[in-house]
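Dear colleague,

Please read the notes with the coordinates open beside you.

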Amino acid sequence: SRDEAKLTLTSVADRPGIAAAIFGPLAEAGVNVDMIVQNISEDGRTDMTFSCPTDQVLRARKAIEDARARGDYQ
């Protein structure tokens, strides 16, 4: 689909609550997340990929960057 974008967060801490720390701020920002894929963890780190409408990419990036700056996830 040309109107969907894929965003990947690499080397995210693999611990309970990390998905909420990432996807909570996205929901609060009004980002419509479609698919979520989490890779197998290596050394306590994982990659998380999600898709959203292309017109929400900038909003998603800001929400993720703000959450990381607050220390919500590493």
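In what follows, axes are lines fitted to C-alpha atoms, for helices over the stretch in contact, and angles run from 0 to 180 degrees between N-to-C directions. Helices (H or I, at least four residues) and strands (E, at least two) are DSSP runs, numbered from the N terminus. The model is a predicted one, in which local features need pLDDT of at least 70 and side-chain atom pairs count only at pLDDT 80 or more, while totals for chains, interfaces and linings use all residues. Residues are numbered from 1 along each chain as its sequence is written, and side-chain values use heavy atoms, with hydrogens and water left out.

To begin with the helices, the axes of α1 (residues 18–28) and α2 (residues 57–69) come within 9 Å and cross at roughly 135 degrees. On the side of α1 the contact (heavy atoms within 4.5 Å) is made by A21, I22, P25 and L26, and on the side of α2 by A60, A63, I64 and A67. These residues divide into eight nonpolar, no polar and no charged, where Ala, Val, Leu, Ile, Met, Phe, Trp, Tyr, Cys and Pro count as nonpolar, Asp, Glu, Lys and Arg as charged, and the others, Gly among them, as polar.

Turning to the strands, there is an open sheet of three, in the order β1-β3-β2, with antiparallel pairing; two strands pair if DSSP finds at least two bridges between them. The edge strands, each pairing on one side only, are β1 (4–13) and β2 (36–38). Neighbouring strands are turned by 15 degrees against each other on average, direction ignored.

Strand β3 (residues 45–53) pairs with β2 over three bridges, with Q38 opposite M48 and V37 having T49 as its bridge partner. Between β1 and β3 there are eight bridges, and here L7 stands opposite F50. In the hairpin of β2 and β3, which has six residues between the strands, D43 takes a positive phi near 55 degrees.

As for the burial of β3, seven of its nine residues are buried (under 20% relative accessible area, with a 1.4 Å probe and protein chains only), so the strand is largely enclosed by the rest of the structure. Finally, α2 lies across β1 and β3, running at about 15 degrees to β1.

With best regards

Notes:
Buried < 20%, exposed > 50% of the residue type's maximum accessible area, 1.4 Å probe, protein only.
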